[in-house]
Amino acid sequence: MGYLTCLVLFPSAAAALAAIVPSDRWRPWLLPLGSATHLALVMGALSTADVPPEWHRWLVLDPPGKVFLLAISVLHLMCMLYAPGYLALRRERPNRVLCVCMLLALAMMSLVVLSHHLGLMWVAVEATTLVSAPGLYFNHNVRSLEATWKYLLICSVGIALALLGSLFLAYSAIHGGLAPTLLFHELLEPDVAHGLSRPWLHAAFILLLVGYGTKMGLSPMHTWKPDAYGEAPGIVGALLAGAATSCVFLAVVRIYQIAVAGGEGDFASKVMIFMGLLSMATAAVFMVRQRDFKRLLAYSSVEHMGILVFGLGVGGSLALFGTLLHVINNAMTKGVLFLAAGNIHRAYGSKLTDDVAGAMRALPLSGSLFLFGFLAGCGSPPFSPFASEFSIVSGAFADGHYLAAALFLVALLAVFVGMGGTVLSVVLGEPSRARAKSSFPDGLRTGAPIVGLMVIVVWFGVRLPPFLANLLDEAVRSLAPLG
């Protein structure tokens with residue numbers, strides 16, 4: 001059994017074990033154990049010079065996949081280290097379903113990254129939706145139920161469009177006189193790519209971008225995000241915003257590669273730049289005077305998905321390097337923001353700015369991390385998102401996208417102003433009366449994993465580790481046709 005199969009099967013086996021462990025007290029400790037083993041497998045795969053494909057080239061760990069797999073595995077481990085402390089404070093809720101689903105989510109996200117058959121990738125993306133939904137309903141109230149159904153309904157419509165787009169892509173080969181295929185490496189071969197029917201390829205690209213963009217939360221398909229992220233526990237929101245949406249973005253990268261190989265790079269680039277700027281602008285508008293700080297993080301996710309799509313649409317080595325680096329930076333930063341926001345929510349018993357103030361005084365660790373996460377998420381130096389966003393906008397200017405780059409900067413400024421108003425009202429001032437009655441422990445048990453994520457965000461902003469820089473350079477070279 002190879003590395004790639006183990007990356008999917010081991011978390012699945014850990015989920016099965018979590019399902020049969022009877023104790024709510026001891027079950028959560030399977031989460032960091034399973035996630036740490038997965039990260040060890042990932043590091044083993046990354047250190048191997050050439051990991052052979054498996055399942056007749058249906059599973060492949062290519063250079064871009066290495067970047068995404070590393071980001072997902074590291075974020076998942078930090079969230080799972082947070083889980084036992086969090087679930088110990090939520091003893092009123094059974095945790096069997098949540099533990100099983102978080103391990104299954106790791107397995108399915110790994111499958112998305114490794115899939116080089118577009119049909120298998122579609123199945124894996126849909127599976128991430130299904131196994132994430134019970135986590136949204138963890139609090140078992142009316143609002144969380146509504147958010148769960150909204151998430152399932154809207155994402156299912158999107159994934160249906162993605163399935164239709166996959167069929168259109170196969171038909172574009174038939175219409176071009178070729179044998180139908182959904183194997184990624186075959187679709188990139190010049191003889192196949194240049195033989196694809198252009199009208200059908202256009203239709204397939206739009207359907208796939210809209211379909212997978214719905215799961216990413218691109219505007220205007222983002223409407224499930226504010227409810228889902230607002231009602232989900234912080235740990236679930238962190239995995240959705242930092243990991244699940246990232247692996248779906250890789251599916252968009254795959255589709256864009258096929259469009260470029262088929263000679264439709266200019267068409268795809270224009271669409272993606274537009275969608276990226278639209279998402280950033282939408283997020284900026286809804287952040288202004290936002291009273292719910294967890295819904296605020298949902299719009300921050302909409303913005304960062306827009307940044308990723310914009311950077312991919314710009315293309316070029318500099319912008320692609322920044323885009324791939326931003327996948328990692330966004331994942332780590334979202335982990336800081338969602339977990340810190342979850343602590344503040346539990347301490348105050350509210351996520352509204354009317355009830356929450358003075359978090360830095362009441363919760364020195366979580367409140368400070370929430371403020372630092374905001375600064376990082378808005379691209380302030382010396383945090384790592386500054387480096388990736390600077391690389392993207394520099395690539396846009398270098399490639400002559402002057403208007404798009406200017407609009408990109410304006411959107412970043414608007415997001416900073418809009419998000420800052422809510423975050424500062426949460427962390428500054430005198431603690432509210434609600435906090436005075438709370439006994440939430442703001443210590444290492446729920447704070448150490450967030451500190452670990454924050455250290456990574458600062459570290460990658462000050463100096464990118466050589467092994468990561470080499471990994472990113474290798475991924476950019478493999479995407480060279482996009483430049």
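This is a predicted model: local features need pLDDT of at least 70, side-chain atom pairs count only at pLDDT 80 or more; totals for chains, interfaces and linings use all residues.
Helix α13 (residues 293–314) and helix α14 have axes that come within 9 Å and cross at roughly 175°. That angle makes α13 roughly antiparallel to α14.

**Where α13 and α14 meet**
- Two packed helices are described by the angle between their axes and the distance between the axes.
- On the α13 side, the residues in contact include Phe293, Leu297, His304, Leu308 and Val314.
- On the α14 side, they include Ala319, Thr323, His326, Asn330, Phe338 and His345.
- An α-helix has 3.6 residues a turn, so residues three or four places apart point the same way.

**Helix α14**
- Helix α14 covers residues 317–348, and its 32 residues should span 46 Å at 1.5 Å a residue; the end C-alpha atoms are 46 Å apart, which agrees.
- The helix bends by about 25° at His326, a residue that also takes part in the contact with α13.
- Of the 32 residues of α14, 29 are buried, so the helix is largely enclosed by the rest of the structure.
- Gly349 follows α14 and has a positive phi, near 70°.

**Nonpolar cores**
- The largest nonpolar core has 167 residues, of which Tyr212, Phe249 and Phe370 touch the most other members.
- Helix α11 (residues 234–261) gives the most to this core, with 20 residues.
- Leaving aside residues up to four places away in sequence, Tyr212 touches Leu118, Met121, Trp122, Val125, Ile159, Ala162, Val248, Ala251 and Val252.
- A second, separate core has 15 residues, among them Ile273, Leu277, Val393 and Ala396.

How values were computed: Residues are numbered from 1 along each chain as its sequence is written. Side-chain values use heavy atoms; hydrogens and water are left out. Helices (H or I, at least four residues) and strands (E, at least two) are DSSP runs, numbered from the N terminus. The expected span of a helix is 1.5 Å times one less than its number of residues. The bend at a residue is the angle between axes fitted to the seven residues ending there and the seven starting there. Buried means under 20% relative accessible area, exposed over 50%, partly exposed in between (1.4 Å probe, protein chains only). A nonpolar core is a set of buried Ala, Val, Leu, Ile, Met, Phe, Trp, Tyr and Cys residues joined through side-chain atoms within 4.5 Å. Contact means heavy atoms within 4.5 Å. Axes are lines fitted to C-alpha atoms, for helices over the stretch in contact, and angles run from 0 to 180 degrees between N-to-C directions. Angles under 35 degrees count as roughly parallel, over 145 as roughly antiparallel, 65 to 115 as roughly perpendicular and the rest as oblique.
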